[in-house]
Every structure is written in structure tokens, then in C-alpha cells.
Amino acid sequence: MDKWKIMVVEDDAPVRHLITASLSAEDYTVIVAETAAAAVQLAATQNPDIILLDLGLPDGDGVDVIAKIRLWTETPIIVISARDEDTDKIEALDAGADDYLTKPFSVAELLARLRSTQRRLTHLAAGNSEAMFKNGDLIIDYAAGCAYLAGQELKLTPIEYRLLCLLAQNVGKVLTHKYITQKVWGVGWENNIASLRVFMATLRKKLEASPDSPTYIQTHIGVGYRMLKID
Ligand code: CA
């Protein structure tokens with residue numbers, strides 16, 4: 001396939017150079033924007049495959065860039081931010097970001113996130129999101145309304161099944177507590193995080209070989225959950 005095209009939005013020159021050099025060395029095509037305005041324009045004209053976006057930009061907030069880009073495309077956006085407060089991450093994810101990295105981060109971690117996003121895109125392009133979902137030993141048969149782990153049917157309650165399907169439909173993406181509770185219980189239940197934890201714990205007991213070091217569902221403390229795409 002053609003090289004993956006990554007758009008890097010970062011006003012801090014040393015960080016930008018580190019990222020672009022690392023990506024070029026890994027054979028990615030890199031395009032660069034230093035401002036929010038340039039980011040929106042380049043996203044529209046250059047069609048990047050994945051966007052790496054710093055939240056603190058000289059002419060605006062990265063969250064506004066996400067909202068604008070989401071008006072026309074679902075291109076994955078990985079937020080890179082020095083701000084390590086959960087509220088910033090949650091705001092960015094709720095605006096439509098897919099994942100986040102907190103500065104300082106290692107190049108290895110950045111590359112791992114990119115590869116995981118590429119796996120998700122490849123998975124979606126292969127049409128796996130249709131009637132049957134497969135990830136590692138997990139299979140969800142949407143038509144039958146059943147989930148299987150290593151060939152054994154999982155005995156899930158209706159809420160556990162909805163949680164599992166929601167995570168699967170967004171595999172690789174961090175979903176915030178608010179997003180999950182709204183989707184599973186409806187608007188008005190956004191603060192129902194205690195219930196979400198309980199259902200997530202019972203789902204994990206059924207899904208994970210060792211619920212304390214999960215393979216499928218990753219916890220983002222204070223933020224939400226993600227189903228990992230397994231090779
Ligand atoms: Ca910045």
C-alpha cells in the first residue's frame with residue numbers, strides 16, 4: 001500500500017522536529033501545521049490518514065480544531081497535550097478525538113499509538129464492522145445478538161452486551177464515561193459512572209482471563225475505557 005500520510009499539528013519547534021524526524025524515519029509521509037487555522041485547512045486539502053494534534057496552539061484551542069474537522073471527516077485524531085488534566089482529555093475525546101498522548105511521551109509510545117490506529121483503520125476498511133466482529137479470541141455475532149470467547153458463548157446480561165458492542169464498534173478508540181453512559185443508558189445518566197464501573201467489572205470477569213491485567217478492555221483512569229485492537 002501507499003505510505004501512510006500523517007499530519008502533525010504542533011507549534012513547539014523542538015517537539016515538532018522530534019515527531020517529524022521519527023515519523024520520516026519510519027517511512028511515513030509527514031505534513032506539518034503550526035497553527036489551528038493551518039491545521040483545518042491542511043486537513044481539508046491534503047487528506048491525511050491520521051492527525052496528531054497539539055491542544056495548545058497559538059491562534060486557538062485544539063478542541064475547536066477537532067470540532068471543525070469532525071464536520072466533514074472521521075480521520076483519526078490523536079491529541080498530544082502538555083496538559084495532563086483529565087478534563088482536557090475528556091473535552092478533546094468528546095469533541096471527536098480518538099486517542100491521546102500526554103507530554104512528555106516517548107517516540108516508542110507515539111509509534112505504538114500510530115500502529116494501533118492503523119490497525120483499526122485497516123480493520124474498518126476490511127469491512128469487519130458489519131455483521132460479525134472479530135478481535136483476538138472474541139467474536140460478536142451482531143445478527144444473533146451473541147458474543148463468543150474462544151468458541152464459548154459468553155453469558156452476558158443485556159447491559160453487558162451493549163457495553164461490549166459499543167466498545168467493539170469503537171475498537172481502538174478511547175470512549176469517555178459520559179459517552180458510554182449516554183449510549184448505554186441514555187441522556188440524563190451521564191453521571192452514572194458508579195453503575196458503569198459495576199457493569200464493566202462484571203463484563204470483565206466474563207471476558208478477561210485475568211480481569212486485573214485485561215487483554216481486551218483497557219481502563220483510562222478518570223477518563224473512560226477502550227477496547228484494544230488485538231493483532
Ligand atoms: Ca503547543
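Analyst: A cavity is a set of points, on a 1 Å grid over the protein atoms alone, where a 1.4 Å probe fits but cannot get out. Its volume is the space filled by probe spheres set on the points, which are joined across faces, edges and corners. The model examined here is predicted, with local features needing pLDDT of at least 70 and side-chain atom pairs counting only at pLDDT 80 or more, while totals for chains, interfaces and linings use all residues. Residues are numbered from 1 along each chain as its sequence is written, and side-chain values use heavy atoms, with hydrogens and water left out.

One cavity of 30 Å³ or more is present. The largest cavity holds about 30 Å³ of space.

The next matter is what surrounds this space. A lining residue has an atom within 4 Å of a point. The lining of the largest cavity is made up of L55, V79, S81, R83, D88, K89, Y100, L101 and T102. By type, four of these residues are nonpolar, two polar and three charged. In this scheme Ala, Val, Leu, Ile, Met, Phe, Trp, Tyr, Cys and Pro count as nonpolar, Asp, Glu, Lys and Arg as charged, and the others, Gly among them, as polar.

The lining can also be described by the elements that supply it. Helices (H or I, at least four residues) and strands (E, at least two) are DSSP runs, numbered from the N terminus. Strand β6 (77-81), helix α4 (86-95) and strand β7 (99-102) each contribute at least two lining residues. The greatest share comes from β7, which gives three residues.

The two strands named above are also partners. Two strands pair if DSSP finds at least two bridges between them; β6 and β7 do so in the parallel sense, over four bridges. Within this pairing, L101 of β7 has I80 opposite. L101 is also one of the residues that line the cavity.

Note on methods: On a 1 Å grid over the protein atoms alone, a cavity is a set of points where a 1.4 Å probe fits but cannot get out, and a pocket is an open set with protein on both sides within 12 Å along at least five of seven lines; lining residues have an atom within 4 Å of a point.
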